[in-house]
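Thanks for coming, everyone. Please have a look at the structure on the screen before I start talking through it.

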Amino acid sequence: MKIVLASAEDTRSLGFTFGRSLTAGSVILLKGDLGAGKTTLVQGIGAGLGITSPIVSPTFTLINEYDEGRLPLYHLDLYRLESKEVATLNLEIYWEGIEVTPGIVAIEWAERMPYQPDSYLKVCLTSGDEGIVRAEITAVNCLINSAIARLV
């Protein structure tokens with residue numbers, strides 16, 4: 001599924017739809033160049049979940065947890081890590097809900113992960129001319145909610 005996002009507001013709106021429609025245990029693997037809109041999309045997810053705290057990129061903290069919304073949001077950023085470092089983080093605790101309350105897991109720079117969950121949405125953001133972003137959404141072993149499918 002491919003979507004053209006003409007502005008940062010369109011990117012937030014896509015995220016908002018994700019936040020309103022995804023269920024606990026959903027994982028979103030985000031890929032794209034610097035400035036493509038990964039954090040903007042996660043801000044929309046947070047808004048869709050009802051989170052009012054500012055959502056900022058966890059580039060230096062690696063993981064930001066927000067638990068005030070309809071579901072918890074776990075926002076991870078792997079930009080500063082190598083694959084072998086990511087492997088030591090035990091990220092599966094977030095999507096398996098082992099030590100945390102099940103919620104939505106959004107992972108920026110997911111291409112640095114040496115392993116993925118069994119099911120996830122992959123969102124590849126590609127920047128184009130004049131602020132246009134192309135989003136390619138792929139569902140891996142999961143269904144795309146009808147609210148998301150209507151955006152195409």
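A word of caution before the details: what you see is a predicted model, and I will keep to what can be computed from it.

Let me begin with the sheet, which is open and built from seven strands in the order β1-β7-β6-β2-β5-β4-β3, with mixed pairing. The edge positions are taken by β1, residues 2-5, and β3, residues 63-66, and because each of them has a single partner strand, one side of each is left without a neighbour in the sheet. From one strand to the next, the twist averages 20°. For one of the pairings in detail, consider strand β2, residues 27-32, which runs parallel to β6 and is joined to it over five bridges; here leucine 29 stands opposite lysine 122 of β6.

Helix α1 packs on this sheet, where it touches β1, β2, β6 and β7, and its direction makes about 135° with that of β1.

Now to the aromatic rings, for which the search of the whole structure finds three pairs, and I will describe two of them. In one, tyrosine 74 and tyrosine 94 are tilted, with 5.0 Å from centre to centre and 55° between the planes. Tyrosine 74 lies in strand β4 and tyrosine 94 in helix α4, so this pair ties together parts that are 20 residues apart in sequence. Tyrosine 74 is buried, with a relative accessible area of 5%, and tyrosine 94 is buried as well, at 7%.

The other pair, formed by tryptophan 95 and tyrosine 115, is edge-to-face, with 6.1 Å between the centres and 65° between the planes. Tryptophan 95 lies in helix α4, whereas tyrosine 115 sits in the loop between β5 and β6, so here too the parts tied together are 20 residues apart in sequence. Tryptophan 95 is buried, at 13% relative accessible area, while tyrosine 115 counts as partly exposed at 22%.

Terms used
Residues numbered from 1 in each chain as written. Predicted model: local features only at pLDDT ≥ 70, side-chain atom pairs only at ≥ 80, totals over all residues. Heavy atoms only, no water. Phe/Tyr/Trp six-rings, centres within 6.5 Å; stacked < 30°, edge-to-face > 60°. Helix = DSSP H or I, 4+ residues; strand = E, 2+ residues; numbered from the N terminus. Buried < 20%, exposed > 50% of the residue type's maximum accessible area, 1.4 Å probe, protein only. Pairing = 2+ DSSP bridges. Axes fitted to C-alpha atoms, helices over the stretch in contact; angles between N-to-C directions. Contact = heavy atoms within 4.5 Å.
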